[in-house]
Every structure is written in C-alpha cells, then in structure tokens.
Amino acid sequence: MSVRELVVLGTASQVPTRHRNHNGYLLRWDGEGILFDPGEGTQRQMLRAGVAAHDLNRICVTHFHGDHSLGLAGVIQRVNLDKVPHEVTAHYPRSGQRFFERLRYATAYRETVTLTEAPVDADGPLARTPGYTLEARRLSHPVEAYGYRLVEPDGRRMLPGRLAAHGITGPDVGRLQREGSLDGVTLEEVSEVRRGQRFAFVMDTRLCDGVYALAEGCDMLVIESTFLDEDEALAVEFGHLTAGQAARVAREAGVRHLVLTHFSQRYTDPEEFERQARAAGYEGELTVARDLQRVALPKRR
C-alpha cells in the first residue's frame with residue numbers, strides 16, 4: 001500500500017525551544033523516504049517519530065546553516081551503523097561541499113553504506129525515478145540555498161462508463177492499459193489524464209522567482225514562515241518569509257495544502273501564524289506544523 005505523508009521532526013528556526021526541535025522533515029513517498037534539512041537532534045527525533053535509518057533513500061539539504069544541517073553527522077553515522085542495505089543519495093549546494101565533508105567525517109566510524117554525493121549548482125532536475133522527478137530551484141538567502149520539488153508523472157484514470165460502453169471488462173482493462181489499444185479502442189477513449197502529485201520544500205529565503213516556481217500547482221507546500229507580518233523588515237534583512245508572504249505565495253500558486261514551519265523563538269502563539277495566513281487570502285488546507293506531527297498529502301484530484 002502506498003503512503004505519502006510528511007513526518008515533521010522539528011520546526012524551530014535558529015534557536016530550538018522546549019517544544020520545538022531544530023529542523024527535520026521526512027517525506028514518505030510510496031516506498032521511498034526523503035529527509036529534508038536534518039538539524040541538530042534529528043536522529044533522536046526520528047526515534048521518537050518511529051522513523052528508521054532504513055527508511056531513508058535521499059537526504060536533501062537546502063543550505064548550510066546549522067539549524068538545517070548539523071544533524072547530518074548523526075544521521076549519516078546511524079545509516080552506516082544500521083547497515084542500510086540500499087544506496088542513500090545526498091543533495092546539497094555544491095558551494096557547501098566543505099561543510100558536507102566535515103559533517104560526513106566529523107568523527108571516526110565504519111562506513112558500510114553507499115552514500116552518493118550529488119551536489120546542486122543550478123536550477124533543474126536532479127533525479128528521475130519511476131515515481132517522481134526531483135527538481136531544485138535557487139532561493140534568496142545570505143548563503144547559497146536551494147528549494148526542492150517532487151513531480152509525479154501524469155497517469156491515466158480509467159472511466160468505468162466508457163469501458164462498459166465498449167464492453168471492456170476484467171483482465172482486458174489491464175491489457176488495454178499496458179498496450180494502449182484493444183480491438184480498435186484506444187486508451188484515450190476510455191480514460192482521462194490523472195495529474196501527478198506535486199510537493200515542494202522551501203526553507204530560508206526572501207520572496208524570489210524560485211519560491212514561486214517551486215510552489216506552482218503543488219498539492220503540498222512546506223514553507224518557512226519565520227516571522228509574523230509585523231516583522232517583515234527583519235524577514236527581508238535576514239533572508240526569510242513572513243506568514244502572510246508564504247500564504248500569498250500559496251494562494252497565487254494554487255497550492256492545495258500549505259504547511260507553515262521554521263518559527264522564530266520570539267513568538268509564543270502559533271495560532272497567530274494561521275490567522276495571518278488566512279488574512280492573506282489563503283483558503284486551502286492549512287497546517288501550522290508541530291514537532292512529531294504527521295501530515296498526509298491530499299488525495300489526488
């Protein structure tokens with residue numbers, strides 16, 4: 001059975017709090033697990049959330065500030081300690097290669113796993129699998145940063161009424177799907193396009209073209225909202241977004257489910273992020289993320 005959900009491991013920004021760990025987000029996409037921005041304490045949060053090292057297939061780091069990457073050392077060593085039997089691929093800005101290497105080899109341990117380094121240095125596709133294409137887009141932050149986007153290939157949805165009209169039933173339906181036509185009936189005549197799902201992960205950034213490109217048409221957008229709207233000047237200065245800005249991006253991009261995260265420790269009322277997002281006109285499904293929360297991707301349209 002396929003599972004597509006976001007497991008939230010941490011939601012703090014620069015400083016963790018009693019209730020918020022540093023960043024960490026696992027996307028379960030059918031049989032794969034993609035870990036985004038493992039901040040300090042991610043290994044322990046994985047344990048608390050029931051996430052195993054064997055669940056990880058990719059690690060995607062947006063940038064090399066500590067709250068997004070200091071957990072790499074522990075995660076990589078745990079993957080090796082548990083002797084994960086499959087390849088794990090790491091994506092991160094190429095300009096931070098020296099930071100990745102320092103974290104990968106922070107202490108002595110036995111390497112037992114194939115960890116493939118696949119640094120990012122330009123917008124565009126990073127990997128293609130049968131289940132998705134992984135893309136990157138440059139963001140606007142004081143250090144080089146990239147956001148990530150998964151796009152599932154479009155499929156086809158069979159239409160029972162049209163199948164029945166052509167007398168196609170049982171195993172013949174599968175044959176038609178595999179071969180594209182059956183006894184003069186084409187697949188297009190008895191089906192319609194089923195749009196593939198889209199997921200985007202946008203961390204530390206000001207508003208920029210990359211933010212909008214990543215968010216466009218997403219079923220789920222996980223996006224930072226470090227500041228509330230009254231502190232927009234601070235957001236611009238330090239390369240971040242406000243709750244209202246993130247919500248307006250989601251509204252304009254047609255996002256179905258907006259997940260706000262990466263909150264400054266200066267705020268104590270998480271409901272204010274939701275209020276400001278709604279005030280910005282976003283009417284879709286909205287989650288103000290909490291540590292150890294699980295958020296299912298919306299069902300296909």
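Let me start with a term: two strands pair if DSSP finds at least two bridges between them. Helices (H or I, at least four residues) and strands (E, at least two) are DSSP runs, numbered from the N terminus. This is a predicted model, where local features need pLDDT of at least 70, side-chain atom pairs count only at pLDDT 80 or more, and totals for chains, interfaces and linings use all residues. Residues are numbered from 1 along each chain as its sequence is written, and side-chain values use heavy atoms, with hydrogens and water left out.

First sheet. Seven strands form an open sheet in the order S6-S5-S4-S3-S2-S1-S18, and the pairing is mixed. Which strands stand at the edges? They are S6 (115–117) and S18 (294–296). Each has a single partner strand, so one side of each lacks a neighbour in the sheet. From one strand to the next, the twist averages 20°. For angles, axes are lines fitted to C-alpha atoms, for helices over the stretch in contact, and values run from 0 to 180 degrees between N-to-C directions.

Look inside this sheet. S2 (residues 24–29) and S3 (residues 32–36) run antiparallel and are joined by five bridges. Take Tyr25: its bridge partner in S3 is Phe36.

Now a helix on that sheet. H1 lies across S1 (4–10), S2, S3 and S18. The angle of H1 to S1 is about 130°. H1 (residues 42–49) also packs with H3 (residues 72–81), at an angle of about 60° and with the axes 8 Å apart. That makes H1 oblique to H3. On the scale used here, under 35 degrees is roughly parallel, over 145 roughly antiparallel, 65 to 115 roughly perpendicular, and the rest oblique.

Which residues make the contact? From H1 come Thr42, Gln43 and Met46, and from H3 come Gly74, Val75 and Arg78. Contact means heavy atoms within 4.5 Å. By class, there are two nonpolar, three polar and one charged in the contact of H1 with H3. Ala, Val, Leu, Ile, Met, Phe, Trp, Tyr, Cys and Pro count as nonpolar, Asp, Glu, Lys and Arg as charged, and the others, Gly among them, as polar.

S7 and S8 (residues 133–138) run antiparallel, joined by four bridges. Ala127 stands opposite Leu134 in S8.

On to the spaces. On a 1 Å grid over the protein atoms alone, a cavity is a set of points where a 1.4 Å probe fits but cannot get out, a pocket is an open set with protein on both sides within 12 Å along at least five of seven lines, and lining residues have an atom within 4 Å of a point. Points are joined across faces, edges and corners, and a volume is the space filled by probe spheres set on them.

The largest pocket has a volume of about 340 Å³. It is lined by 17 residues, and the closest to its centre are Ser13, Gln14, Phe227, Phe238 and His240. H2 (66–69) and H8 (232–238) each supply at least two lining residues. The lining has four nonpolar, ten polar and three charged residues.

The second largest pocket holds about 220 Å³. Its lining residues include Arg18, His19, Phe263 and Tyr267.

Last, the cavity. There is one of 30 Å³ or more. The largest cavity has a volume of about 60 Å³. H3 gives the largest share of its lining, three residues. By class, that lining has six nonpolar, one polar and two charged residues.
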